[in-house]
Amino acid sequence: MAGEHRIALCTCPDEATARELAAAVVERRLAACVNIVPGLTSVFAWEGRVETDPEVLMVIKTTGKAWEALQATLTDLHPYELPEVIAVEITAGLAGYLQWMDESTESS
């Protein structure tokens, strides 16, 4: 089961952008679910400076099969020049939930 299920993280400049991106990836069956977490403050190095910006985090439940297309879609639709699009493997989870993730991301 390793590598079959993933949680992807992607930050957005605002909730409206996060909602648009979340809807796009769920409608395209690239994610089973996206949680939108407002109220983040990101501190990061960019172009030689330390930046601090308010952001919204998307927690995206996806599969290894959908990962490449999810990454491409987020990169294409995201307003940032270099969006945060990273993923970690899910090593354990409720079997029924993982099965739902598979079914939700299968090609229609």
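Colleague: In which helix is Leu-70 found?

Modeller: Leu-70 is found in helix H2; helices (H or I, at least four residues) and strands (E, at least two) are DSSP runs, numbered from the N terminus. This is a predicted model, in which local features need pLDDT of at least 70 and side-chain atom pairs count only at pLDDT 80 or more, while totals for chains, interfaces and linings use all residues. Residues are numbered from 1 along each chain as its sequence is written, and side-chain values use heavy atoms, with hydrogens and water left out.

Colleague: Is Leu-70 buried or exposed?

Modeller: Buried means under 20% relative accessible area, exposed over 50%, and partly exposed in between (1.4 Å probe, protein chains only). With a relative accessible area of 0%, Leu-70 is buried. Contact means heavy atoms within 4.5 Å; not counting residues up to four places away in sequence, Leu-70 touches Ala-8, Val-25, Leu-30, Ile-60 and Thr-62.

Colleague: Which residues touch the most other members of the largest nonpolar core?

Modeller: Nonpolar side chains tend to be buried together in soluble globular proteins. A nonpolar core is a set of buried Ala, Val, Leu, Ile, Met, Phe, Trp, Tyr and Cys residues joined through side-chain atoms within 4.5 Å. Here the largest core has 17 residues, and those touching the most other members are Cys-10, Val-25, Val-34, Met-58, Ile-60, Leu-70 and Leu-74. E1, H1, E3 and H2 are the elements that give two or more residues to this core, and the largest share, 4 residues, comes from H1. The contacts of Met-58 include Cys-10, Leu-21, Val-34 and Leu-74.

Colleague: At what angle do helices H1 and H2 pack?

Modeller: Axes are lines fitted to C-alpha atoms, for helices over the stretch in contact, and angles run from 0 to 180 degrees between N-to-C directions. H1 (residues 15–27) and H2 (residues 64–77) pack at about 145°, their axes lying 11 Å apart. Leu-21, Ala-24 and Val-25 in H1 meet Leu-70, Thr-73, Leu-74 and Leu-77 in H2. By class, this contact has 6 nonpolar, 1 polar and no charged residues (Ala, Val, Leu, Ile, Met, Phe, Trp, Tyr, Cys and Pro count as nonpolar, Asp, Glu, Lys and Arg as charged, and the others, Gly among them, as polar).

Colleague: In what order do the strands of the sheet stand?

Modeller: Strands of a sheet pair through backbone hydrogen bonds, either parallel or antiparallel. Two strands pair if DSSP finds at least two bridges between them. In this model 4 strands form an open sheet in the order E2-E3-E1-E4, with antiparallel pairing. E2 and E4 (86–89) stand at the edges with a single partner strand each, so one side of each is left without a neighbour in the sheet.

Colleague: How many bridges join E1 to E4?

Modeller: E1 and E4 are joined by 4 bridges, and Ala-8 has Ala-87 in E4 as its bridge partner. E1 (residues 5–12) pairs with E3 (residues 49–63) over 8 bridges, where His-5 stands opposite Thr-63. E2 (residues 33–46) pairs with E3 over 12 bridges. These two strands, E2 and E3, form a hairpin with 2 residues between them, and Glu-47 in the turn has a positive phi of about 50°.

Colleague: Which strands does helix H3 lie across?

Modeller: H3 (residues 95–105) lies across E1, E2 and E3, running at about 95° to E3. Ser-104 lies in H3 and counts as buried at 16% relative accessibility.
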